[in-house]
Amino acid sequence: MNIRWSHLLFVFCFLLSACGADSSSGSTSPALYIENKGSDTIVNLALAWAERYQGEHAEVRISVTGGGSGTGLAALINGTVDIANSSRKIKEEEIADAQANGIQPVEHTIARDAIAVIVNPENPVSELTLQQIADIYSGKINNWREVGGEDRPIVRLSRETNSGTHVYFLETVLRLGSKEDKTLFATNTLLLPSSEGIIAEVRQNPNAIGYDGLGYVPSDVKTIAIAKAEGDPFVLPSAATVDDKTYPIARDLYMYTAGEPIGAIKDYLEWILSPEAQNIVLELGFVPIK
Amino acid sequence: MNHSSSTRNLIQRIGFGALSVLAFVTVAPIIGTALYILWHGGSAISWEFLSGFPRDGMRAGGILPAIVGTFYLTVGTAIFSVPLGIAAAIYLSEYAPDNRWTRLIRIAIINLAGIPSVVYGLFGLGLFVIFLKFGTSILAASLTLSIMTLPVIISTSEEALRSVPQAFRTVSISVGATRWQTIRRIVLKEALPGILTGVILGLERAAGETAPILFTGAAFFLPQLPNSHSTRPWPCLITFLSSRRKYPTCRFKFNMAPRWCCWFLCWE
Amino acid sequence: MQKPLHWREIIITRLIQASGYSAILFVAAIFLFLMREGLPALGEVKFSDLLAVRWYPIEAYFGILPLITGSLIITIGAMLIAFPLGIATAVYISEIAPRWVREILKPLVELLAGLPSVMLGFLGILVVSPFLRTALDLPTGLSAFAGSLLLGGIAVPTIVSIAEDALDAVPRSYREGAWALGATKWQTIWRVTLPAARSGVLTAIMLGIGRAIGETMAVMMVTGNAPVLAITPGSLFAPARTMTATIAAEMGEVASGSTHYHVLFFIGIVLFMISLAVNIAASSVVFRAKKRAERILS
């Protein structure tokens with residue numbers, strides 16, 4: 001019996017070391033490891049970049065994790081990531097927290113993004129003003145009839161509160177950019193943990209309204225044209241309308257590093273701003289920065 | 001009498017019918033679920049899918065890193081929980097006196113089994129990730145999962161040990177073996193199949209859990225197999241599924257299917 | 001190797017004993033760490049604010065009442081579904097079904113227990129919630145009821161296996177006695193076997209509740225996670241947010257040491273206490289009836 005147990009243990013150890021040996025012999029110099037975490041809006045983009053960059057630089061490894069902008073920034077504050085992705089600007093408190101831990105966050109603008117407001121294709125509503133969207137999400141408007149649609153209840157969909165998109169939407173749409181405004185999402189707003197959840201629900205539910213980064217919106221849901229105010233033209237989100245600033249809900253996307261980047265991280269961030277990397281931005285439905 | 005007995009028979013028939021229907025209502029969705037998964041996920045399984053690395057931002061390619069991540073996590077969990085669990089089971093079945101402390105141990109085990117998995121995640125975050133500074137790593141996640149699987153391993157192993165007839169022990173002791181020799185050479189050997197069942201049940205639960213590793217060890221994307229075993233986060237199959245992003249193709253959504261097939265094999 | 005070394009025997013015995021006591025240690029450690037990280041919440045947030053009805057942590061609204069009621073209503077709904085189905089299936093399997101049906105049904109129920117809840121969650125999003133919306137004419141299918149359905153499914157295997165054990169443990173002589181008195185099989189089940197097994201059945205329900213209230217991923221995916229106070233029966237068909245989903249969704253976001261972090265651990269304490277109460281209640285029944293329930297606890 002004794003022998004069998006030790007055999008079992010031996011096999012375990014062997015497997016473990018075999019796998020370890022396999023992976024380390026696979027690449028030439030595995031020393032450069034970049035840990036990249038944060039915004040779910042950016043995660044696809046960051047993955048595409050990481051993949052392309054590693055294709056060209058075999059010595060670098062980049063691990064990309066989602067979880068939300070707050071998650072990435074929290075990890076940066078706790079010192080557990082090299083680069084935090086964020087779809088919103090870092091907050092004052094977060095900078096203070098980071099400094100308390102001896103970390104100075106440095107901001108890098110990496111791309112731009114438009115937030116699309118989406119509904120089910122069956123929904124006849126295709127244009128809304130910012131004010132109407134704000135009233136829908138704050139709970140003042142509860143039926144599609146009130147904005148020119150059918151007599152249906154409105155089901156509000158939002159990302160979870162740790163999403164940078166959520167915070168940006170709250171500040172830019174619900175509060176219309178006003179700092180004093182303390183409007184909140186209606187309590188019965190559905191907080192879905194993923195972009196996919198929002199799109200799946202909008203796809204099958206004619207009552208639903210949702211929002212998401214333009215790069216994530218598939219063709220089988222309807223994107224709403226938005227006017228800044230009553231009387232302004234209704235504009236659909238696109239790279240062009242973001243660039244000429246006619247589409248009102250667009251924002252910069254950021255990467256944050258702990259202190260000025262050095263070494264492999266610096267090279268990576270410089271590469272991200274290159275035309276090659278910015279071309280990927282366009283391919284994924286985001287807006288490149290010039 | 002005749003009349004009443006036919007009424008009784010009728011009631012019995014209705015009752016049995018109702019029970020059968022309810023049992024069917026319970027089982028039908030299970031079959032439906034299994035078929036649905038096989039139908040949608042089965043077509044996605046291929047050698048390339050199982051052995052490849054993700055490409056194009058995980059829209060294509062394979063799930064090898066996730067399988068490897070899950071494998072390490074399961075092995076790591078086994079290393080901590082199997083010896084401890086079996087030792088605890090030996091204590092309870094062979095040594096423990098029937099007193100207040102032993103009852104307390106049993107209550108503790110039952111409570112360990114009942115603690116919500118997300119609370120284990122919080123505990124792992126508080127103790128391993130932050131207090132002991134392991135960071136989010138396979139080590140922290142394995143330790144968290146180990147504690148979670150302990151009750152399963154302990155109670156199944158204990159039952160297996162108890163089912164070994166007392167006579168085996170008596171004979172062994174009477175020919176001069178010590179207590180530990182008896183346990184190691186006789187009792188453990190007899191109970192091994194039962195213990196292995198417990199270990200498999202426990203590890204299977206560990207491999208399928210998501211909540212406890214959300215904060216303690218899951219990475220999302222790693223294009224190569226990681227090489228520093230215990231300090232970097234690892235992608236786990238299960239977090240592929242729960243990760244908060246969309247998959248443009250339906251294919252990835254059902255990437256649990258291969259795994260599910262493995263479990264099915266485990267039962268056979 | 002053959003010769004027993006005295007010191008070795010003692011060390012091994014001590015190690016085994018220590019392993020046995022480790023279970024107590026772990027429960028204590030879990031409790032301790034939850035307290036350590038969760039109790040500061042009481043200092044940072046007024047207790048009355050914790051019991052408020054608004055949960056919006058990024059603006060420092062920390063009312064956990066909607067989360068507690070959300071967990072409760074979904075669990076109650078799950079039990080309404082799982083209790084009759086689970087007990088009926090257990091009775092059917094242990095008392096009525098012919099042998100071959102039994103051989104098929106038992107592994108099937110265990111199969112359900114082995115499905116990871118994340119996968120059930122996906123089915124919930126893709127199948128259950130759209131179906132509920134059209135069938136019940138709800139504004140959205142992502143509701144407490146969808147969560148209850150999935151949780152019911154998750155709790156059923158627990159209930160079935162423990163209740164079945166309890167029914168099996170009823171001595172055959174009880175049934176034979178009833179039959180000898182002229183009772184039908186049905187009357188025997190209803191009036192003799194089930195009442196005799198009631199403590200085991202009660203345990204099954206308690207543990208089912210424990211299983212349901214602690215479930216995280218599936219619930220997070222299908223209930224819509226809207227932190228609405230759920231106190232009317234109608235809330236069952238509206239979106240709700242549970243304690244577990246809140247922890248899972250938000251824990252990754254917070255900086256350790258912040259108020260939000262402490263409040264999430266505080267919610268963890270609440271969950272821990274509930275599971276402790278449920279399990280101690282269940283286990284006290286188990287000990288009296290000396291059932292094999294522990295094995296199926298997982």
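## Basis of the model

A polar contact is a pair of N or O atoms within 3.5 Å; within protein, one atom must be able to donate a hydrogen and the other to accept it, and residues adjacent in sequence count only if both atoms are side-chain atoms. By this rule, seven residue pairs are in polar contact between chain B and chain C, both residues being at pLDDT 80 or more.

The model is predicted: local features need pLDDT of at least 70, side-chain atom pairs count only at pLDDT 80 or more, and totals for chains, interfaces and linings use all residues. Residues are numbered from 1 along each chain as its sequence is written, chains are lettered from A and ligands numbered from 1 in the order in which they are written, and side-chain values use heavy atoms, with hydrogens and water left out.

## Confidence

The predictor assigns the complex an ipTM of 0.83 and a pTM of 0.81. For chain C, the mean pLDDT (the predictor's confidence in each residue, from 0 to 100) is 84, and 92% of the residues reach 70 or more. Helices (H or I, at least four residues) and strands (E, at least two) are DSSP runs, numbered from the N terminus. In chain C, confidence is highest in helix α4 (residues 65-96), at a mean of 91, and lowest in helix α14 (residues 293-296), at 44.

Over residues 289-298 of chain C, pLDDT stays under 50, and the model has 26 contacts (heavy atoms within 4.5 Å) for this stretch beyond four places in sequence. Where pLDDT is low, the predicted coordinates should not be read in detail.

## Chain B and its interface with chain C

Chain B contains 11 helices and four strands. Of its 268 residues, 59% are buried, that is, under 20% relative accessible area, with exposed meaning over 50% and partly exposed in between (1.4 Å probe, protein chains only). Among contacts in chain B between residues at least 6 apart in sequence, 72% join residues at least 24 apart.

The contact between the two chains takes 79 residues from chain B and 80 residues from chain C. Together they bury about 7300 Å², 78% of it on carbon and sulfur atoms; buried area is the accessible area (1.4 Å probe) that two parts lose on being put together, summed over both. B:Ile30, B:Ile110 and B:Leu122 supply 9% of the area that chain B buries against chain C, more than any other three residues. Helix α1 (residues 2-41) of chain B gives the most to the side of chain B that touches chain C, with 19 residues.

## Interface of chain C and chain A

Chain C and chain A each contribute 32 residues to their contact. They bury about 2500 Å² between them, 58% of it on carbon and sulfur atoms. Two salt bridges are counted between these chains. A:Arg175 forms a salt bridge with C:Glu59, with the closest N and O atoms 3.3 Å apart. The rule also finds 10 residue pairs in polar contact across the interface of chain C and chain A, both at pLDDT 80 or more. On the side of chain C that touches chain A, α6 (117-136) and α12 (243-250) of chain C each supply at least two residues, and α6(C) gives the most, with five residues.

## C:Thr216

C:Thr216 lies in the loop between α10 (198-214) and α11 (217-222) of chain C. This residue is buried, with a relative accessible area of 1%. Apart from its neighbours within four places in sequence, C:Thr216 is in contact with B:Ser117, B:Val118, B:Ala211, C:Thr244, C:Ala245 and C:Ala248.

Notes
A salt bridge is a side-chain nitrogen of Lys or Arg within 4 Å of a carboxyl oxygen of Asp or Glu.
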